Amino acid sequence: MSNIVAIVGRPNVGKSTLYNRLTESRKAIVDDFSGVTRDRHYGVAEWLNHNFTVIDTGGYVANSDDVFEVAIREQVDIAIEEASVILFVVDVTTGITDLDDEIATRLRKSKKPVFVVVNKLDNNSQVADAMVFYSLGLGEIYSISSMTGSGTGELLDEVVKHFEDEVLEENTRPKYAIVGRPNVGKSSIINALIGTDRNIVTPIAGTTRDSIHIHYNQYGHDFMLIDTAGMRKKTKVKENIEFYSVMRTIKALEEADVVILMIDAVEGFESQDISIFHLAEKNKKGVMVVVNKWDLIEKNNKTVKVFEEQIRDKLAPFSDVPIVFTSVTEKQRVLKVLDVANQVYKNRARKIPTSKLNEVMLPIIENYPPPSIKGKYVKIKYITQITGTSPMFAFFCNLPQYVKEPYYRFIENKLRENFEFSGAPIQVWFRQK
């Protein structure tokens, strides 16, 4: 199972800054006002050869004072249930507040590893002030400054010790995960495929909870389906549906070979769909898009083409992705989804013989060599595919450091034009010959 690190704490203690530091991004909006973080924030981080997903829970709090604290408590509860490790961020400049106390009380009851992260230690005179946080009763404290990054290395050294080693199961079948925002029809498509109402399908968004593994073996298909749907036992958490479904999606996505991203034809492609898509791409998974509820769209002969172009624009630069239009209720093109998922699985595992690669790609490179820099010319001698879970290619040349991003894109596009890699992320490296 994937390792998820959840950052919890009250507003304005520096959760987003820590998130940016760990994922090396500037994605979260950071501001000095309390409760600015609104967007969905989850990214991939790496430390000491461990990859893990970081979630900034600040992004999941509704913007209203009365709901605010309730939502924070809810998220702490969801994080306790779902995350592998919890970072509880507190602010040395304000000391312990009532809300900190309340969060700590919830965390003390959990069995999960909790790290008390005392943030905003910008000078040594504050070290004594940090000691007060031992009174939260959560064990060791870790003093950091997420602005400058000091202390984060020591924190991560300890965090990764609590990760579960990923057990590689003896399952040779392809794994497909059906993901998407609540209420786009994930459960309905599974019921249509299996032919039983195994999931409870209601028009209320977020009725499904647990991810379930289903062995599918009919119509000549044999694979495992990871359903991020499934009912979950009712806990006391009156939860924050969006946050919950994101946590679940990440777990399913990291386990899958192919991610089937379902969107609602009426609502179109939203920012959370794009985040999930890029997370799948970052994790080097095969991806396809299913546009469900297509029966609800008024059509003319251009509808499909226009819709496809809009989706590909939003997915750029990785737009070589199969798109299937379905209506699960009308049983339209449901089996086609499986055919395409199988094809994406094959594309992701595709191996191109070295002789064929060189025969096709070297003449293209000769006609369009990388632009020279400071009078130096890059000469690409030969190409080979590297063994990996997704297609990776090494181009051996004299001056790899002079090859710039646009040329990487050009090469990737040429590989896609000449070989069948639709839905599979491609990695290209230029190496010293």
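## Backbone exceptions, ring pairs and a helix crossing

Arg-333 has a relative accessible area of 38% and is partly exposed, a class that lies between buried (under 20% relative accessible area) and exposed (over 50%), as found with a 1.4 Å probe and protein chains only. The model is predicted, so that local features need a pLDDT of at least 70 and side-chain atom pairs count only at pLDDT 80 or more, whereas totals for chains, interfaces and linings use all residues. Residues are numbered from 1 along each chain as its sequence is written, and side-chain values use heavy atoms, with hydrogens and water left out.

The protein holds twelve helices and 15 strands, which are DSSP runs numbered from the N terminus (H or I over at least four residues for helices, E over at least two for strands). Of its 433 residues, 54% count as buried, and the accessible surface, by the Shrake-Rupley method with a 1.4 Å probe, comes to about 20600 Å², with 50% of that area belonging to carbon and sulfur atoms. Where contacts (heavy atoms within 4.5 Å) join residues at least 6 apart in sequence, 69% of them link residues at least 24 apart.

Most residues other than glycine have a negative phi, and most peptide bonds are trans. Arg-333, in the loop between strand S12 and helix H10 (334-348), has a positive phi, and so does Lys-293, which is found in the loop between strand S11 (286-292) and helix H9.

| Residue | Phi | Relative accessible area |
|---|---|---|
| Lys-293 | near 65 degrees | 22%, partly exposed |
| Arg-333 | near 55 degrees | 38%, partly exposed |

The peptide bond between Ala-316 and Pro-317 is cis, with omega at about 5 degrees, and Pro-317 has its place in the loop between H9 and S12.

The whole structure contains 15 aromatic pairs, counted where ring centres of Phe, Tyr or Trp (its six-membered ring) lie within 6.5 Å, with planes under 30 degrees apart called stacked, over 60 edge-to-face and the rest tilted. In one of them, the centres of the Phe-277 and Phe-318 rings are 5.7 Å apart and the planes stand at 40 degrees, so this pair is tilted. Because Phe-277 belongs to helix H8 (residues 271-282) and Phe-318 to the loop between H9 (303-315) and S12 (323-325), the pair ties together parts that are 41 residues apart in sequence. Phe-277 counts as buried at 1% relative accessibility, and Phe-318 counts as buried at 3%. In another pair, Phe-393 and Phe-421 have ring centres 5.8 Å apart and planes at 70 degrees, so the pair is edge-to-face. Since Phe-393 lies in strand S14 (residues 392-397) and Phe-421 in the loop between helix H12 (405-418) and strand S15 (427-432), this pair ties together parts that are 28 residues apart in sequence; Phe-393 and Phe-421 are both buried. Ring pairs also link Tyr-368, Phe-395, Tyr-407, Tyr-408, Phe-410 and Phe-430 into a cluster.

The axes of H11 (residues 354-367) and H12 come within 11 Å and cross at roughly 135 degrees. That angle makes H11 oblique to H12, a class for angles that are not under 35 degrees (roughly parallel), over 145 (roughly antiparallel) or 65 to 115 (roughly perpendicular). The crossing of H11 past H12 is right-handed.

How values were computed:
Axes are lines fitted to C-alpha atoms, for helices over the stretch in contact, and angles run from 0 to 180 degrees between N-to-C directions. A crossing is left-handed if the near helix is turned anticlockwise from the far one by less than a right angle, and right-handed if clockwise.
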